[in-house]
Amino acid sequence: MTERPERSCRGDGSAKPVAIDVAAIVTSAVASRGHNLVTRPTGQAVREAIEQRLAQTTPSPARTAPFPAQTAPSPHVMLIDFTRVRILDFSCADEVVAKLLLRFQGPDRPGNIFFLFRAVDEMHRHAVEEVLERHGLAAVCDVGDGFQLLGPATPEEHRAWNTLERCERIGPHDLAGALGEFGEPLLRRLARRRLAYWSGNGGAAALSALARTLQTNQGGRQ
Amino acid sequence: MRVVEIPSSLDYRNVDAVFAEATAGGAEPVLFDARRLRWIDPNGMLSLLCAGQVASANGAAARLSLPAGGDVVGYLDRMGFPDAAAQVFHASPRRAGRTPSRASDVLLEITSVATNSDVHEVVDRVQSRAGAILSRTLHYPAAAVVQFSVILSEVCQNIVEHAEGPGWVAAQRYNWTRRLGRQVLVIGVSDVGRGFRESLAEEHAERFGDRWGDVTALEAAFLMGLTRFPDTGRGQGIQQIRKQVARWQGLVSIRSGTARIADSPAWHPSPPVVDGLPGFPGAQINIVLPERIDD
């Protein structure tokens with residue numbers, strides 16, 4: 001495997017999440033000279049390589065749980081990094097973004113893994129938004145100036161997601177103050193869509209913050 | 001031997017007549033007489049190849065005569081037509097001295113597409129030349145080369161996934177001084193596979209009932225994004241090509257069976273659907289991207 005794991009911890013609580021370099025996978029999977037992610041079989045091969053990588057990544061529940069009271073299987077956050085991918089066509093966006101999300105959405109998902117996407121700037125953004133729209137999915141994407149929510153979502157979902165992203169975490173006692181009386185159902189809905197983390201103690205965490213927490217914990221045991 | 005006269009000018013507007021004549025006969029040998037040819041575009045070249053391949057498939061020996069000289073010979077050479085024709089026609093056409101195409105208006109020489117590796121090869125190969133033509137000549141923004149590459153990828157994948165047979169792609173810049181007063185980029189994609197009606201039939205014909213035919217199949221793919229795959233993620237390619245070409249105020253048309261469907265811009269008024277054309281067994285996709293003119 002040629003993925004580029006980023007496991008550095010800055011020690012200030014802003015460590016980077018574990019990343020998978022999609023361009024490196026393209027190079028190894030199809031020997032494309034230009035890091036061009038095109039054609040359906042290529043996208044499928046890259047998605048399968050990512051899933052294989054994820055299957056090998058099993059976080060320790062005791063060491064990575066972001067909330068002490070949590071008893072559910074520990075979450076893991078993976079950043080799918082398109083930074084070095086030049087061309088991303090719709091077939092590949094469908095496989096590497098939409099189908100990957102779908103695989104980890106349902107109750108039969110192979111792991112409790114959340115996804116962030118990086119470098120979905122204007123060059124890739126259009127393809128990603130189109131495939132998300134087609135499947136009714138949303139995703140958390142770094143479009144160059146921080147994480148954004150892409151794909152179909154209601155205005156209430158957007159508002160709740162933006163608030164959570166700004167606060168990073170919202171504890172059970174702060175929910176109503178931060179989001180009003182519908183805060184809890186909204187965050188639960190975002191969590192069901194795998195766009196936020198709902199903890200066992202009634203609090204919520206933004207995926208970007210969760211990624212930093214998990215990485216800090218992983219860095220601490222290295 | 002049956003002789004099919006090729007007109008002096010051959011492009012997407014008159015290839016139907018040539019194709020009808022070429023495919024009308026049986027197993028009799030056919031000569032495609034293109035000695036009067038003076039001008040041809042990518043669609044014209046790919047149509048000649050398709051016509052030759054269909055004639056050969058009928059059991060006939062297909063031959064091709066090209067002009068003895070003139071600009072068109074050099075152009076055909078730069079586009080790699082002799083190499084492609086040698087794979088189709090019984091006697092390989094005469095080759096002029098090969099002229100490097102890097103400095104010309106050729107964006108993509110005639111390239112055979114049969115596998116996904118071919119699609120990668122096409123996308124990898126056009127990057128530098130596409131950037132130059134799109135930004136300097138058509139005055140598109142720098143990011144257009146990415147969008148153009150996506151279009152190219154999707155049209156080529158259409159051959160691999162739906163034609164179930166080989167095809168070709170080619171692209172060339174032209175100065176349409178008289179026709180439009182602008183530079184254009186013409187992209188032609190052709191195959192002699194099974195066409196849209198047959199490709200979609202198993203999955204969709206039943207629910208369309210008596211209305212099922214070439215027009216309905218093209219409308220299903222072009223307007224509704226239907227494919228032969230039940231996967232909801234499929235069928236985005238043509239839809240996205242239409243959207244992007246419309247943003248650039250371009251023309252996109254698909255010809256398959258006896259029908260053609262098109263998104264026509266204001267500079268090229270034409271009916272959105274035409275039926276009753278001579279039968280074409282595969283599919284032809286024609287895209288014309290005009291030079292950008294600020295309002």
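A polar contact is a pair of N or O atoms within 3.5 Å; within protein, one must be able to donate a hydrogen and the other to accept it, and residues adjacent in sequence count only if both atoms are side-chain atoms. By that rule, 17 residue pairs are in polar contact across the interface of chain A and chain B, both residues at pLDDT 80 or more. This is a predicted model, where local features need pLDDT of at least 70, side-chain atom pairs count only at pLDDT 80 or more, and totals for chains, interfaces and linings use all residues. Residues are numbered from 1 along each chain as its sequence is written, and side-chain values use heavy atoms, without hydrogens and water.

Start with chain A. Chain A has nine helices and eight strands, taken as DSSP runs (H or I, at least four residues, for helices; E, at least two, for strands) numbered from the N terminus. Of its 222 residues, 57% count as buried, meaning under 20% relative accessible area (1.4 Å probe, protein chains only).

Now turn to chain B. Here 24 residues of chain A are in contact with 25 residues of chain B, with contact meaning heavy atoms within 4.5 Å. The rule finds two salt bridges across this interface, each a side-chain nitrogen of Lys or Arg within 4 Å of a carboxyl oxygen of Asp or Glu. K99(A) and D231(B) meet in a salt bridge at 2.8 Å, N to O. On the chain A side, α2 (40–56), α4 (90–103) and α5 (122–135) give two or more residues each. α5(A) gives the most, with six residues.

Notes. Chains lettered and ligands numbered in written order. Buried < 20%, exposed > 50% of the residue type's maximum accessible area, 1.4 Å probe, protein only.
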